[in-house]
Amino acid sequence: MKKSLFLEKANIEKTAKKYVLENANGMRMEFTDFGAIVLSLMIKDKDGIVRDVVLGFQQMKDYLRNDMGMGAYIGRNANRIKDAKVTIEGVEYTLTKILGNHNIHSGPKRSHYEFYDAKTGQDESGQYVEFSRLSPHLEQGLPGNLQQNIRYTLTNQNEFIIDYDMVTDQATIVNPTNHCYFNLDGHDSGVIFDHELEVYSDKYLEIDEEMIPTGEYVDVKDTPMDFRKRKRIGQDIDSDYLHLQYAHGYDHTYVFDVDRSLKKVAKLYGAHSGITMTVFSDLCGLQVYSGNYFNGNPGKQGAVYQRNGGMCLETQFFPNACNEKRFPSPLLRANERFASRTVYHFEIE
């Protein structure tokens with residue numbers, strides 16, 4: 001098993017491998033086996049100009065300090081866990097506090113600071129690259145040896161498909177997501193205020209001032225959280241609505257059915273490119289995050305990412321679902337299989 005590069009002891013530029021997927025329409029994606037990270041997503045806009053719509057870094061070494069999770073697979077557990085503790089089958093596990101008193105994205109030993117085995121291939125859907133890694137018992141503080149398989153597929157219908165397939169030998173928490181920051185006008189085109197968004201949900205999770213869900217659902221009607229109809233992202237983002245103030249913008253979980261069917265959950269519209277992205281998921285939550293903590297971060301090709309320079313649309317279970325009995329549970333029992341699919345479908349408007 002390859003050693004983690006968290007302490008920057010290896011030459012990441014020579015060690016990490018890059019994988020490229022292309023489809024019949026000229027859409028092109030790049031990935032790396034370091035962190036199962038999405039490095040780029042190249043697609044033609046309405047004028048035939050190729051744009052890279054995923055934020056990222058110019059050099060691999062910069063991904064060694066990828067606290068923003070740009071392009072990353074996030075596991076074992078995405079989002080927040082209250083008090084950095086979880087009880088599983090009567091045993092309490094203490095996790096690393098990384099967000100005040102809480103845990104976020106499984107702590108500092110992030111899944112995207114590890115190497116993954118990789119295989120490429122093609123099936124009826126399109127070209128794929130699959131990244132695999134065994135996360136050992138008590139890694140990130142969570143029990144069980146967890147086999148993680150993350151397959152990225154690029155179809156000729158301009159779909160970027162993510163398939164998660166995981167199994168554990170001991171009951172544990174499994175709540176993965178992807179953390180691509182999308183800017184459909186191009187990663188270097190500035191803030192996303194003029195992008196428009198639809199989210200096909202009438203409820204989101206109430207949060208406290210530390211951004212931990214209270215367990216209650218809030219109706220989006222007559223609030224700045226309402227994206228049931230296409231709306232400019234910048235329209236309400238800086239309003240005095242309490243939950244927006246807590247999060248310094250959008251960083252909220254929208255609620256969907258728990259039936260695990262693949263459903264349309266959101267659609268993002270580029271402001272100038274004509275590129276749109278429709279999101280499908282079989283999970284109950286969608287975290288809408290508007291890149292509120294970029295602050296002049298250096299990016300690839302000389303880009304500088306300012307606050308709200310990209311939008312994450314993260315499919316997942318609810319934050320703190322492992323502790324909140326009113327939420328669908330992310331518990332995966334021994335020898336059971338977790339499988340989930342997310343689809344990002346790109347079109348020209």
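Colleague: Which strand supplies the largest share of the lining of the second largest pocket?

Modeller: In this predicted model, strand 2 (28-32) and strand 3 (37-44) each supply at least two residues of that lining. The largest share amounts to three residues, and the strand that provides them is strand 3.

Colleague: How many residues line the second largest pocket, and which lie closest to its centre?

Modeller: The second largest pocket holds about 280 Å³ of space. Its lining comprises 17 residues, and those closest to the centre are Lys18, Glu30, Leu39, Phe57 and Gln58.

Colleague: How many nonpolar, polar and charged residues are in the lining of the second largest pocket?

Modeller: Lys18 and Glu30 are among the residues closest to the centre of this pocket, and both count as charged. Over the lining of the second largest pocket, the classes are six nonpolar, five polar and six charged residues.

Colleague: What is the volume of the largest pocket?

Modeller: The largest pocket is lined by 24 residues, with Asp67, Leu99, Ile104, His105 and Arg110 nearest its centre. By class, its lining has 12 nonpolar, five polar and seven charged residues. The volume of the largest pocket is about 510 Å³.

Colleague: Which are the edge strands of the open sheet of nine strands?

Modeller: The order of this sheet is 10-11-12-13-28-22-21-16-19, with antiparallel pairing. An edge strand here pairs on one side only, and the two are strand 10 (117-122) and strand 19 (231-232).

Colleague: Which residue in strand 13 stands opposite leucine 154?

Modeller: Strand 12 (residues 146-155) and strand 13 (residues 159-168) run antiparallel and are joined by nine bridges. Leucine 154 falls within the range of strand 12, and its opposite number in strand 13 is phenylalanine 160.

Conventions. Residues are numbered from 1 along each chain as its sequence is written. This is a predicted model: local features need pLDDT of at least 70, side-chain atom pairs count only at pLDDT 80 or more; totals for chains, interfaces and linings use all residues. Side-chain values use heavy atoms; hydrogens and water are left out. Two strands pair if DSSP finds at least two bridges between them. Helices (H or I, at least four residues) and strands (E, at least two) are DSSP runs, numbered from the N terminus. On a 1 Å grid over the protein atoms alone, a cavity is a set of points where a 1.4 Å probe fits but cannot get out, and a pocket is an open set with protein on both sides within 12 Å along at least five of seven lines; lining residues have an atom within 4 Å of a point. Grid points are joined across faces, edges and corners, and a volume is the space filled by probe spheres set on the points.
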